[in-house]
Structure formats: C-alpha cells, structure tokens
Amino acid sequence: MRNRQLNFREERVDAKRRIEFIKNNPHPISLVLDGLSNPRNIASIFRIAEAARVKCIYGYQMPGLEKEKKFTRISRNTIDLVPFKVLENVEQLKLCLTEMKIVALEITDTSIPYMEYHPEKECCLIIGNEKNGVRPELLQLAETCIHIPMYGLNTSMNVAVATGIATFSILEKILK
C-alpha cells in the first residue's frame, strides 16, 4: 500500500492535544541567538526550533523582535509555540543556563566538527550574529565550540541553515 501525504485539515485534527503535548514535553536543547539582526533568519530559526521541539530560545540583546511584521509572517506564528526570553546581559544568560552544557556554533582554533560533538546532557547552542559571529563574552561561557566543515570555496553558511544542521545533529545524539 502506498503512503499518501496528509492534507492540512487531516493534519490538524488533534492540534490542541498535540500543542499541549509539545509544550509539556520539550527536547533538552535550547538556543541562544546572539544579536541576530535579519528577521528572515530569526524567523527561520524559530521554525527550526518549533520543528525540533526546542525547550527555549533566548534572544541575547535582541529587543523588539515580536514587532517585526516580516518576522511574524515568515515564522508562521511559531513565536507562540516556542518559549522565548530576551536577555540583556551575560549575568541574565548565566542564570538561565546553569544546568545546561553550553556549546557555541563558531569556528575557533579549538572548535570541532559538529559531527564529532556528543552531548552528555541537556545543552544550549549559542548562535552568532550574521556578520560578527558569537561575541567573545559568550564564547567564554561555552564549554565546547563546534563548526560545520566547509568543503567548497565558501567559508561560511547562512545562520539559519547552520542552526538547523547543528540543532538536529545535537538532538539526534541527545535522544539516542
């Protein structure tokens, strides 16, 4: 028998129960968005986070995000489904992340390819700004830095795409 794709109505039959289950059963991974500025990237990351059932997104020094019309449209209202907190300083961030292993998605002199990273417990992935990457003060919080190997001529990848790759890789290993 051949599988068929469900239509929108069939998919949404148990939406209320699914939303309640998802809210009460997040996966043990959170994201810190370090000063991201492009609403399209941020919205895409919210969609990735919702799909991965991320526990929380922390916006580090990113006020006013919810007011961006472009963000609301592109994110498809996932801001209502993924817990989101805006943090203004490193001390606030440290308080939120006390029980988590902190990992930065940034190429450094000691970073390892994301495929080699094996989390031992709940973790938080720090994602850097589109132009400048992860700020030094946040890199200092990270116990590990991971990067996505670039096999072509390009030396970087879109921040939302990179977030999706790293998030699902970490999640796959945590859930095993």
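Helix H3 (residues 39-52) packs with helix H7 (residues 159-175) at an angle of about 15°, their axes lying 9 Å apart. Here helices are DSSP runs of H or I with at least four residues and strands are runs of E with at least two, numbered from the N terminus. Axes are lines fitted to C-alpha atoms, for helices over the stretch in contact, and angles run from 0 to 180 degrees between N-to-C directions. H3 and H7 are therefore roughly parallel to each other, a label for angles under 35 degrees. The model is predicted, with pLDDT of at least 70 needed for local features and 80 or more for side-chain atom pairs, while totals for chains, interfaces and linings use all residues. Residues are numbered from 1 along each chain as its sequence is written, and side-chain values use heavy atoms, leaving out hydrogens and water.

Where do the two helices H3 and H7 meet? On the H3 side, the residues are Asn 41, Ser 44, Ile 45, Ile 48, Ala 51 and Ala 52; their counterparts in H7 are Val 159, Ala 160, Thr 163, Gly 164, Thr 167, Phe 168 and Leu 171. Contact means heavy atoms within 4.5 Å.

Turning to the strands, S6 (residues 123-127) has five of its five residues buried, so it is largely enclosed by the rest of the structure; buried means under 20% relative accessible area, with a 1.4 Å probe and protein chains only. Cys 123, Leu 125 and Ile 127 point one way from S6, and Cys 124 and Ile 126 the other way.

Strand S1 (residues 29-34) runs parallel to S6, joined by five bridges, and Ser 30 has Cys 124 as its bridge partner in S6. Strand S4 (residues 101-105) also pairs with S6 in the parallel sense over five bridges; pairing requires at least two bridges found by DSSP. Val 103 has Leu 125 as its bridge partner in S6.

Terms used
Angles under 35 degrees count as roughly parallel, over 145 as roughly antiparallel, 65 to 115 as roughly perpendicular and the rest as oblique. Buried means under 20% relative accessible area, exposed over 50%, partly exposed in between (1.4 Å probe, protein chains only).
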